[in-house]
Amino acid sequence: MNRTIPLILAVALFMENMDSTVIATSLPAIAIDIHTSPIALKLALTAYLVSLAIFIPISGWMADRFGAKTVFRAAIAVFIVGSVACALSGSLPAFVVSRFLQGIGGAMMTPVGRLVLVRATPKSDLVAAMSWLTVPALVGPLVGPPIGGFITTYFTWHWIFLINVPIGLAGIWLATRFLPETESMETPPLDFIGFVLSGVAASGVVFGLSVVSLPYLPPATGFITVGVGLLSGALYLVHARRAKNPLLALELFRNQVFRSSVLGGSLFRIGIGAVPFLLPLMFQIGFGLTPFQSGMITFVSAVGAIGMKFATALIFRVAGFRRVLIIGSLVAAASIAIYGLFTPETPYVLMLAILLVGGFIRSMFFTGVNALSYAEVSAEDTSKATPITAVFQQLSIALGVALAGGILEVSTSIHGGPLTLGDFHIAFFIVAAVSAAASLSFMRLAPDAGNAVSGHGRLTTPKTLEPARSPGE
């Protein structure tokens with residue numbers, strides 16, 4: 001496998017994933033500087049998620065129309081411009097608009113980067129390639145908070161965004177130099193009605209869930225927005241059945257392997273999306289640790305995620321997708337439930353060991369489920385599969401944060417006091433149960449599902465497998 005391609009893509013995706021979480025620890029400092037409140041400033045976080053939800057569905061069409069490599073480089077450039085605009089913002093509206101602009105670049109970077117990788121990698125090497133590409137998604141949310149706290153404490157919050165400039169420019173140069181050329185394709189006209197309906201649906205759900213879990217707007221606002229999003233989603237389903245070339249090719253869900261990977265992966269991500277939200281809060285509120293101390297503890301999960309990539313391909317080759325994903329989802333869910341047993345008296349060495357194992361298992365699971373999404377998708381349909389998987393990922397992560405916040409709100413309202421350690425324990429148990437439910441989706445897979453990608457059960461070596469051909473070959 002040519003590791004240069006996934007590593008270049010991983011650098012850009014790490015920049016995006018870290019930036020989306022690094023801002024959280026710097027909100028108070030930014031709020032003081034632009035003369036607003038930290039609670040109001042959380043609109044900037046929501047604006048970024050809404051931008052992702054709107055523009056991810058169009059990423060596949062853009063990649064086909066203008067070339068995946070060209071769109072990927074342009075996405076990095078847009079992200080850089082948005083980062084500079086964030087650093088120069090002097091008011092809340094300016095900062096919110098800048099974060100929305102950043103989100104446009106981010107919406108194209110992740111799915112198009114994955115598309116470039118899938119088209120440039122033989123199917124027999126896809127698991128190994130995905131293991132490198134998965135690391136940023138796991139590491140970014142974990143290292144973001146401590147890095148953000150360090151930069152804000154010892155420098156200034158502006159550098160959180162300005163450091164993206166040299167990283168992004170290096171990413172553009174590396175992409176130009178090393179990524180394979182991708183030609184544009186003959187594409188049907190843009191499904192504008194589908195774009196509007198899918199954008200309203202995804203952004204409505206993401207924004208509504210974010211508002212429900214935040215205290216600065218009435219919960220009714222969030223529920224109404226979610227309702228609008230669900231209604232738009234239903235209208236899109238009606239539209240997609242009648243449109244000749246719908247924006248999101250929902251017919252891919254007729255394939256059992258694709259359906260299980262997307263739906264099962266989404267259920268699992270609900271729990272994973274809640275963990276970066278719950279763990280730091282529990283360590284700070286329940287244990288009395290500082291933000292930097294809690295960040296250094298959670299960082300161990302990132303170490304596990306990085307270490308696992310060396311063994312992931314071998315594990316799937318030996319055991320196959322079905323068995324590994326069933327066992328992996330249950331073990332990973334159990335590790336989340338164990339977090340609900342942590343107390344200030346728990347030895348730190350034991351907590352670090354459990355977090356390390358959790359990082360191992362989650363890294364393996366995400367690598368497998370991402371590769372399985374393309375296992376039975378033809379080369380011509382990869383641009384259709386990519387935005388669907390990306391949209392479901394964003395929705396499930398947002399749902400995970402909203403679920404965790406909702407559990408804490410309900411728990412505190414029941415006992416009528418401030419947040420306690422017991423509230424966090426309850427939240428971990430519930431989100432772990434949701435993640436464990438993902439195993440039911442993978443139980444429906446055939447034993448040989450995805451063997452062309454994993455190499456499981458084949459007598460031939462990976463070198464003899466037919467490589468995936470890019471459209472036009």
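The legends below describe close-up views of a predicted model. Local features need pLDDT of at least 70 and side-chain atom pairs count only at pLDDT 80 or more, while totals for chains, interfaces and linings use all residues. Residues are numbered from 1 along each chain as its sequence is written, and side-chain values use heavy atoms, with hydrogens and water left out.

**View 1. A nonpolar surface patch involves helices α10 and α11.** Phe192, Val196, Val200, Ile224 and Val228 make a nonpolar patch of about 450 Å². The elements that give two or more residues to this patch are α10 (192–212) and α11 (219–242); α10 gives the most, with 3 residues. Helices (H or I, at least four residues) are DSSP runs numbered from the N terminus. Patch residues have over 30% relative accessible area and no salt bridge, and nonpolar side chains (Val, Leu, Ile, Met, Phe, Trp, Tyr) are joined within 5 Å. A salt bridge is a side-chain nitrogen of Lys or Arg within 4 Å of a carboxyl oxygen of Asp or Glu. Areas come from the Shrake-Rupley method with a 1.4 Å probe, and for residues only the protein chains shown count as cover.

**View 2. Two members of the patch, Val200 and Ile224.** Valine 200 is in helix α10 and is partly exposed because its relative accessibility is 34%. Isoleucine 224, in helix α11, is exposed, with a relative accessible area of 59%. The classes are buried (under 20% relative accessible area), exposed (over 50%) and partly exposed (in between). C-alpha to C-alpha, isoleucine 224 is 7.4 Å from glycine 208, and the two are 16 residues apart in sequence.

**View 3. Phe268 and Phe366 form an edge-to-face pair.** The whole structure holds 17 aromatic pairs. In this one the ring centres of phenylalanine 268 and phenylalanine 366 are 5.6 Å apart and the planes stand at 75°, so the pair is edge-to-face. Phenylalanine 268 lies in helix α12 (residues 256–286) and phenylalanine 366 in helix α15 (residues 348–372), so that the pair links parts of the chain 98 residues apart. Rings of Phe, Tyr and Trp (its six-membered ring) pair if their centres lie within 6.5 Å; planes under 30 degrees apart are stacked, over 60 edge-to-face and the rest tilted. Ring pairs also link Phe268, Phe365, Phe366 and Phe442 into a cluster.

**View 4. Phe283 and Phe287 form another edge-to-face pair.** Their ring centres are 5.2 Å apart, with planes at 70°. Phenylalanine 283 is buried at 0% relative accessible area, and phenylalanine 287 counts as buried at 12%.

**View 5. Two arginines sit over phenylalanine rings.** Arginine 65 lies over the face of phenylalanine 66, 5.1 Å from the ring centre. The charged end of arginine 177 is 4.9 Å from the ring centre of phenylalanine 178. The criterion is NZ of Lys or CZ of Arg within 6 Å of the ring centre and within 35 degrees of the ring normal.

**View 6. Helix α16 and the glycine that follows.** Helix α16 (residues 382–415) has 34 residues and reaches 50 Å from first C-alpha to last, close to the expected 50 Å; the expected span is 1.5 Å times one less than the number of residues. Just after α16, glycine 416 takes a positive phi of about 70°. Alanine 385, within α16, is buried, with a relative accessible area of 0%. The C-alpha atoms of alanine 385 and glycine 60 are separated by 8.2 Å, although 325 residues apart along the chain.

Key
Patch = residues over 30% accessible without salt bridge, like charges linked within 9 Å, V, L, I, M, F, W, Y side chains within 5 Å. Buried < 20%, exposed > 50% of the residue type's maximum accessible area, 1.4 Å probe, protein only.
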